[in-house]
Amino acid sequence: MHLVTRQCVRFFQFSALNGFPGLTHAVGCRLDGTSKPPYDSMNLSQGVGDNTDSLVANRNRWLQATGGGVHVYTRQNHGTTIRIIKRDSFDAFEKIQTGSESADALISDVPQVRLSILTADCQAVMLFDPEKRVVANVHCGWRGSVANILGRVVSRMTREFHCNPHRIIAAIAPSLGPCCAEFIDYKSEIPRYLWPFRVGSNHFDFWRISQHQLVEAGLLEGRVYNSGICTRCNPHLFFSYRAERETGRFVSFIALC
Ligand SMILES: [Zn+2]
């Protein structure tokens with residue numbers, strides 16, 4: 001990932017996703033917003049207790065810095081609901097759709113629809129099929145890993161849009177690394193089949209779990225990119241729920257353009 005600055009707002013991009021014409025994406029960080037501590041400063045979530053004025057100002061700032069289109073958010077709840085946005089069913093009535101509908105993954109083939117996932121330690125995993133021109137963005141915390149939400153999304157991309165998993169490119173945004181993913185109660189929380197991804201006595205490598213689940217779903221290993229940046233180790237750049245508990249959420253989005 002490399003740093004980009006536009007309209008005084010800093011964010012990151014994956015070089016691997018930059019080479020495709022007609023594709024845009026961004027991984028936000030916590031810098032350059034207006035929210036006061038503990039949401040300082042570019043909080044983009046309305047569900048964490050930040051005040052509305054700061055949130056609206058941040059959303060507008062983000063919109064201006066990253067360009068037009070419709071920014072689609074969902075109510076993320078660590079489930080496995082996937083929202084599909086197709087050309088014939090999409091009604092772009094607002095620039096920012098905050099979404100009352102619960103979903104932890106978005107898939108679309110509609111240009112200018114920015115699939116946005118908010119995180120603070122969980123993974124946002126962005127997917128792209130360059131041939132069918134389909135994008136997806138997945139909110140994947142440990143519950144999502146246990147439920148293999150990534151495998152479910154790849155299978156929906158295949159079923160609904162005839163994507164070939166071999167062509168799909170994936171990028172894992174900054175999230176909790178194996179250094180900080182400590183699960184003291186892992187024997188009751190994490191199913192046994194994920195125990196091979198345990199590091200030391202009770203840490204887990206959820207990056208490797210995601211890579212494994214994507215490859216199991218048919219992606220080629222060389223097309224799964226990981227930022228390798230741990231949010232908890234970098235609280236100056238990213239929001240981290242584990243580091244701060246009461247904190248904001250940063251956004252990652254992917255879109256066709
Ligand atoms: Zn860490």
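Trainee: Where does C8 lie?
Mentor: C8 lies in the loop between strand 1 and strand 2. Please keep in mind that this is a predicted model.

Trainee: And what is the phi of C8?
Mentor: C8 has a positive phi of about 65°, although C8 is not a glycine. Most residues other than glycine have a negative phi.

Trainee: Is C8 buried or exposed?
Mentor: C8 is exposed, because its relative accessible area is 68%, and the cut-off for exposed is over 50%.

Trainee: How many residues sit between the strands of that hairpin?
Mentor: The hairpin of strand 1 and strand 2 has two residues between the strands, and Q7 there takes a positive phi near 50°. The two strands run antiparallel and are joined by five bridges. V4, for instance, has F11 in strand 2 as its bridge partner.

Trainee: Changing topic, what is the strand order in the open sheet?
Mentor: The open sheet has six strands in the order 5-7-10-9-11-14, with mixed pairing. Strand 5 and strand 14 (224-226) stand at the edges with a single partner strand each, so one side of each is left without a neighbour in the sheet. On average, neighbouring strands of this sheet are turned by 15° against each other, direction ignored.

Trainee: How many bridges join strand 9 to strand 11?
Mentor: Four bridges join them, and strand 9 and strand 11 (residues 169-172) run antiparallel. V125 stands opposite I172 in strand 11.

Trainee: Which strands does helix 4 lie across?
Mentor: Helix 4 lies across strand 5, strand 7, strand 9 and strand 10, and runs at about 160° to strand 10. Helix 6 lies across strand 9, strand 10, strand 11 and strand 14, at about 25° to strand 9.

Trainee: Which residues of helix 4 are buried?
Mentor: They are I149, L150, G151, V153, V154, M157 and F161. The partners against which these buried residues pack include helix 3 (142-146) and helix 6 (206-216). Helix 4 itself has 13 residues and reaches 18 Å from its first C-alpha to its last, close to the 18 Å expected.

Trainee: What happens just after helix 4?
Mentor: H162 takes a positive phi of about 55° there.

Trainee: What is R87 in contact with, apart from its close sequence neighbours?
Mentor: Leaving aside neighbours within four places in sequence, R87 is in contact with D109, V110 and P111. The C-alpha atoms of R87 and V110 are separated by 5.4 Å, although the two residues are 23 residues apart along the chain. R87 is found in the loop between strand 5 and strand 6 (96-97).

Trainee: Lastly, which residues coordinate the zinc ion?
Mentor: C179, C180, C230 and C233 coordinate the zinc ion through their SG atoms, at 2.3 to 2.4 Å. The site is tetrahedral, with angles of 104 to 117° among its four donor atoms. Along the chain, the donors follow the spacing C-C-x49-C-x2-C.

Key:
Residues numbered from 1 in each chain as written. Predicted model: local features only at pLDDT ≥ 70, side-chain atom pairs only at ≥ 80, totals over all residues. Heavy atoms only, no water. Expected span 1.5 Å × (residues − 1). Buried < 20%, exposed > 50% of the residue type's maximum accessible area, 1.4 Å probe, protein only. Contact = heavy atoms within 4.5 Å. Donors = N, O, S within 2.8 Å, 3.2 Å for Na, K, Ca; no water. Tetrahedral: all angles 85-135°; square planar, octahedral: opposite > 155°, others 65-115°. Pairing = 2+ DSSP bridges. Axes fitted to C-alpha atoms, helices over the stretch in contact; angles between N-to-C directions.
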